[in-house]
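Hi everyone, thanks for coming.

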Amino acid sequence: MTEKSRSVLLPMVAAAVFAGLGRMVLQKVKADRLARQNRVAGPLDEKTRQWISEVVRTPRQ
């Protein structure tokens, strides 16, 4: 009898997917750290807060 040969394709695809996801997570963490250090999203003044609140609450036409 012949032995079943194991497919190498599935484990390689799975490894590539996990490596890609891991890379995406690391990029997100680095971007969040940089944004926190550089304070990209700074404090908003009252006029800007009111405008955002108004835009979010009113439905689009």
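Before anything else, a quick definition: when I say polar contact, I'm talking about a pair of N or O atoms within 3.5 Å, and inside a protein one of them has to be able to donate a hydrogen and the other to accept it. Also keep in mind that this is a predicted model.

Okay, with that in hand, take a look at Thr 48. Its side chain makes a polar contact with the side chain of Asp 45, at 2.3 Å. Thr 48 lies in helix H2, and it's partly exposed, with a relative accessible area of 29%.

While we're on H2, this helix covers residues 46–57. How far apart are its end C-alpha atoms? They're 16 Å apart, and that agrees with the 16 Å that 12 residues should span at 1.5 Å a residue. H2 is hardly covered, by the way: the count of buried residues among its 12 is 0.

Now let's zoom out. The protein has 2 helices and 0 strands. Of its 61 residues, buried ones make up 0%. It exposes about 6,800 Å², and carbon and sulfur atoms supply 61% of that.

On to the other helix, H1, which runs over residues 9–38. How many salt bridges turn up in the whole structure? A search finds 1. Side chains of opposite charge can pair when their charged atoms come close. Here the partners are Asp 32 and Lys 28, with their closest N and O atoms 3.1 Å apart. These two sit 4 residues apart in H1, so about one helical turn separates them. In an α-helix, residues three or four places apart point the same way, because there are 3.6 residues a turn. As for Asp 32, it's partly exposed, at 33% relative accessible area.

Last stop: the surface. Leu 9, Val 13, Val 17, Phe 18, Leu 21 and Met 24 form a nonpolar patch there, with about 640 Å² of accessible area together. Take Met 24 from that group: it's placed in H1, and it counts as exposed because its relative accessible area is 54%, where the cut-off for exposed is over 50%.

That's my tour, thanks!

Terms used: Residues numbered from 1 in each chain as written. Predicted model: local features only at pLDDT ≥ 70, side-chain atom pairs only at ≥ 80, totals over all residues. Heavy atoms only, no water. Patch = residues over 30% accessible without salt bridge, like charges linked within 9 Å, V, L, I, M, F, W, Y side chains within 5 Å. Areas by Shrake-Rupley, 256 points an atom, 1.4 Å probe, with all protein chains shown as cover. Salt bridge = Lys/Arg side-chain N within 4 Å of Asp/Glu carboxyl O. Buried < 20%, exposed > 50% of the residue type's maximum accessible area, 1.4 Å probe, protein only. Expected span 1.5 Å × (residues − 1).
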